[in-house]
Amino acid sequence: MKKKAGIFFLLTILLLLLVLANICIGSIKIPLQDVFHILSVKESDAGKIILQIRLPRTIAALFLGGGLALSGYLLQTFFHNPIAGPFVLGISSGAKLVVALLMVYAAQAGIYLGSGMMIFAALVGALLVTVFVLLVSSKIRNMSILIVCGVMVGYICSAITEFVISKADDANIVNLHSWSMGSFSGTDWQDIYVIVPAVLIGLVVAFVLSKRMEAYLFGEEYAVSLGIHVKAFRVVLILLSSILSAVVTAFAGPVSFVGIAVPHIMREVFQSDRPLIIIPASFLGGGIFCLLSDLLARTLVAPAELSISTVTAVFGAPVVIVMLFKRKQR
Amino acid sequence: MGIIETEKLNIGYNKIPVLKDVDLHVSQGELITLVGPNGSGKTTLLKTIASMLAKLGGTVYVAGKDLTTLPDKDRAKLMSVMLTEKREYDYYTCEDVVRVGRYPYSGFGGRLSQNDIRIVQEVMELTGISQLRDRAFDKISDGQRQRVLLARALVQEPEIMLLDEPTSFLDVGYKLEFMNVLKKLCREKKIGVLMSLHELDLAAAVSDRVVTISEDNRVDRIGSPKEILTKEYIGKLFHIHQGSYSLEEGFSLAAVNTEKMPQDNGVSREERKTKYIMVQGTMSGAGKSLLVAGLCRIFKQDGYRVAPFKSQNMALNSFVTEDGLEMGRAQVMQAEAAGVRPDVHMNPILLKPTDDKGSQVIINGKVHGNMRAKEYFAYKTSLIPTIREALDYLEERYDIIVVEGAGSPAEINLKQNDIVNMGIAKMTNAPVLLVGDIDRGGVFAQLLGTIMLLEEDEKRLVKGLVVNKFRGDKTILDPGIAMLEEQGNIPVVGLLPYMDVQLEDEDSLSERFESRKQGLINIAVIKLPHISNFTDYDVFEQLPEVAVCYVKKSRDLENADLVIIPGSKNTIADMKWLRENGFAAVLQKLEQDGKPIFGICGGYQMLGVTIEDPDGVEGGGCVEGLGLLEHTTILQGEKCRRQVEGKLPVIGGCFGGLSGQNYYGYEIHMGKSNDQGKVINQKNNVYGTYVHGFFDSEEIARGIVDTLAKEKKVTIHTEDLMDYQTFKQQEYEKLASLMRESLDMNQIYEMMGIRR
């Protein structure tokens, strides 16, 4: 237990360091010692950069990354499948499609889109795909077929999204295009007021469910024998993970591999699959992963920006491959 | 009041009932086992009591409370389960796994109190897994795993435990060990145990009471193991027969120290790995099937769990397993020799020829469709995973697998993509015995020629040669054998005599059909063009005075004392054939003369008034039957497959003496007759039944022969007539001892990598 607490401590330190790095590093470098000074003088240019651009973006990366990793962990638990995740199952892409449709429609009709509408649209898309995936999984018990189905649905959704984008008016395309590739840029405080509470509530609910999740890990029937109402539990679990991935998608677009890779890395780091440990660990890990990825996305080709998925894929995909190899060997 | 009571409990899946009116009673500290064939509903019953499945009716009381009104949490404190499941719990140590069982008592996130932790430690101590505490659950042996899962069920502090075949993945040592722990805990902690078990000897050794569930899905008997687990009853329950099961030979728990748990001795998986041996022939009919059967029996006698295997069989007649699946008869015969239950995994692919160019393809016991030979040749590589799965299944359950090849491995036109001979040998790395048939001549050329046509890597797998069907003086052959060994560079491990054993053998059928033997009593079986399941009549061949001949011409019926119309793969076509070849008229005349006529399955359908095929199952249309019985038959697409047994009702006619006799057998047919589901339909001396293997029962075979002898005023010593199953067991023993005499078993064990 001591060892695990130690790891948590290290992860928290790492997270804080990355938060600072994300604030300081960028096209204008702001030395650390200046940060607090600048914050007190809000009117300076640097202060504006930090307060209006970097700080919200950093908070978004932290919470959205955490939410995404958590959502992946919940889905893996739900499907008893270590490579499930919102992106591979097509849930992110489903959310993206509905949001894209709404954005294009709203732009044409000249309606302003609030973040509430965005989340709602993302949730609709996420749930549609989730229901489809559930239908497939009730028919097919094969884990790879389930994943392949999810990936295919993801491609279909992406194709339709691309189609919608190329039909849309020019003015929207820039905005939509960078969003549909996944990015934390352009997050403002309004968004943060939605993101933080939503993800935190998700985290708390996941915590409350952690005991049941552990029993459920050992099989549905076994969970029943321990006195769990499995049907209700499954509904809550899938809703929770859909909401989390919908929130992320609504604000940052589809971000790949965080959902699969982070929970897996955390299991390896902690050598445990206990929900009580992996739920907070995934949250922290997701935050770290996305902060680091966003930092790289912003700085590697500055002044241009990479899409966040480009970076997460480079780090996340090898993790998944290594994991698959390890499983195969057993 | 017992800790569990069920009252008129009806259970099933998806509203389809599986078991009805179950009245069970389990008291504190009592160990009750559920015994019965696969699919009889044991697991369903356990799952229903565990609330995993909704019941269809009736009531379950747990500790005096109605289960439906008992809150889930309270139930979890009263009852724990251990189901058959193979799941990997990554990253969980054994202690973590056990700890989860405290769920009903633990706090937020599964946090354990001091008391919980103490209980976990105690139970791990009791089940002998304390030293495994920090080991990863997926890195321990099967036996250890089952004990960890038992501990997990125990920390729930239940008053009742439900276990579903807890010993199925374990080998004998672990089984005993596990049962010891269970029995001891059940006594000490006054836990009631309801458990399903496959192993009858274990059930007999540990249970306080045994509940049997029969194949027609009802609770058949409840009582002490001594009362219930008798040879006769078990034979009936499982359709196995005397000689293949013996309680006395089963192990007794007393032999093992029940006081102290043996801690794990860590036999590695490698040492327990299943060993293979494969028999291939230089030609069809070289005697492979019989050799495999003999090897199976020898290994069984030496204490191994053996399974026969043949990836693909081509045969007209099939066997139906207890699960209603079809497989080749040869593997059933070999399984019988091995003393194990036949299983479709022993013959995953079965081809039933429908005409010269095509076959019905049956995969894992179920009809897959009809294919032309060419089509199949292209298709068959896709069956390799099916074969691999079947082998994996058998490997998990058996120590030795004896594989039979098909035809010759040197058919150079078919060798590509082989999945029956060298293909399997390579897949399993099995040492191959190559068998030549000296009776047909040219045995040296057969063996050496076959070897020469093999690829280098295939040659290396051939570890021994066998000369089969030898008659005469061995010394004359010796120089030839020496030269054979020298030229082939492979040792000759056996010179087998011509073995006169009467066992069902696909290859012996051709000889049987040509037999023109006359006996004191002649039984004529009409050789229909699409005859099926012709082993139904083998029982009579035990008696030298009785001749069974297969007749193709209606005039040959005249000598017969009993005419049998056998089963058919195409009833309508064969009915037409009967009429065109004048059988119909002769049969009607024989019936008027009072000659007994028996129709089995398809033959029974032909005895009726009409056979209709509205769905086009056999090409459509409607044909007139022989009209000797009054039923009509409608063929339907759904194939009926089931095992049956019981007592015959009162019947009339010359075989009236069979009334009330026991019968057993199986049904496999498409179509229904309007005969009120009678086992046997009779009018005058004409009888019809759907039951294959009907004559196999000792009582029925003897009854029939005695009646015929009396009628004809001849004496036949039917005292020697055995129940066909007993007779067969005797033949297997004979086969094994003949083979032991002339095979170098030490050498064979050595090539298999078994040290004895």
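Me: Let's start with B:Lys469. Why is B:Lys469 called partly exposed?

Reply: This is a predicted model, so the label comes from counting atoms in the prediction. B:Lys469 has 19 other C-beta atoms within 10 Å. Buried needs 20 or more and exposed needs 12 or fewer, so 19 falls in between and B:Lys469 is partly exposed.

Me: Where does B:Lys469 sit, and what is its phi?

Reply: B:Lys469 belongs to strand β22 (residues 462-470) of chain B. Its phi is positive, about 65°, although B:Lys469 is not a glycine. Most residues other than glycine have a negative phi.

Me: Which residue in a loop of chain B also has a positive phi without being a glycine?

Reply: B:Ser51, with phi near 70°. B:Ser51 is in the loop between α1 (42-49) and β5 (57-62) of chain B.

Me: And what makes B:Ser51 buried?

Reply: B:Ser51 has 22 other C-beta atoms within 10 Å. The cut-off is 20 or more, so B:Ser51 counts as buried.

Me: What does B:Tyr690 touch beyond its neighbours in sequence?

Reply: Leaving aside residues within four places in sequence, B:Tyr690 is in contact with B:Cys601, B:Tyr604, B:Glu667 and B:His669.

Me: What makes helix α11 (residues 329-338) of chain B mostly covered?

Reply: In α11(B), 10 of its 10 residues are buried. Among them are B:Arg329, B:Gln334 and B:Glu336, along with B:Val332 and B:Met333.

Me: Which elements do the buried residues of α11(B) pack against?

Reply: They pack against α10 (288-301), β13 (306-309), β14 (312-314), β15 (318-320), β16 (326-328) and α23 (724-742) of chain B. Just after α11(B), B:Gly339 has a positive phi of about 70°.

Me: Why are α15(B) and α17(B) called roughly parallel?

Reply: The axes of α15 (residues 443-452) and α17 (residues 474-488) of chain B cross at roughly 10°. Angles under 35 degrees count as roughly parallel, so that is the word for α15(B) and α17(B). Their axes come within 11 Å.

Me: Which residues make that contact, and of what classes are they?

Reply: From α15(B) come B:Phe444, B:Leu447, B:Leu448 and B:Ile451, and from α17(B) come B:Gly480, B:Leu484, B:Gln487 and B:Gly488. By class, that is 5 nonpolar, 3 polar and no charged residues.

Me: Which residues touch the most other members of the largest nonpolar core?

Reply: A:Leu64, A:Val99, A:Ala122, A:Val247, B:Ile160, B:Leu162 and B:Val193, out of 175 residues. Helix α3 (residues 45-79) of chain A gives the most to this core, with 14 residues. Apart from it lies another core, of 77 residues, among them B:Ala337, B:Ile400, B:Leu484 and B:Tyr666.

Me: What does A:Val99 touch?

Reply: Not counting residues up to four places away in sequence, A:Val99 touches A:Met118, A:Ala121, A:Ala122, A:Gly125, A:Thr249 and A:Ala250.

Me: How many residues does each chain give to the contact of A with B?

Reply: Chain A gives 17 residues and chain B gives 23. On the side of chain A, α8 (189-217) and α9 (220-225) each give two or more residues, and α8(A) has the largest share, 4 residues. By class, that side has 5 nonpolar, 7 polar and 5 charged residues.

Me: What confidence does the predictor give?

Reply: The complex has an ipTM of 0.84 and a pTM of 0.55. Chain B has a mean pLDDT of 83, and 92% of its residues reach 70 or more. Over residues 241-271 of chain B, though, the pLDDT is below 50, and this stretch has 48 contacts in the model beyond near neighbours in sequence.

Methods. Residues are numbered from 1 along each chain as its sequence is written. Chains are lettered from A and ligands numbered from 1 in the order in which they are written. This is a predicted model: local features need pLDDT of at least 70, side-chain atom pairs count only at pLDDT 80 or more; totals for chains, interfaces and linings use all residues. Two residues are in contact if their C-beta atoms, placed from the backbone, lie within 7 Å. Ala, Val, Leu, Ile, Met, Phe, Trp, Tyr, Cys and Pro count as nonpolar, Asp, Glu, Lys and Arg as charged, and the others, Gly among them, as polar. A nonpolar core is a set of buried Ala, Val, Leu, Ile, Met, Phe, Trp, Tyr and Cys residues joined through C-beta atoms within 7 Å. Axes are lines fitted to C-alpha atoms, for helices over the stretch in contact, and angles run from 0 to 180 degrees between N-to-C directions. Angles under 35 degrees count as roughly parallel, over 145 as roughly antiparallel, 65 to 115 as roughly perpendicular and the rest as oblique. pLDDT is the predictor's confidence in each residue, from 0 to 100.
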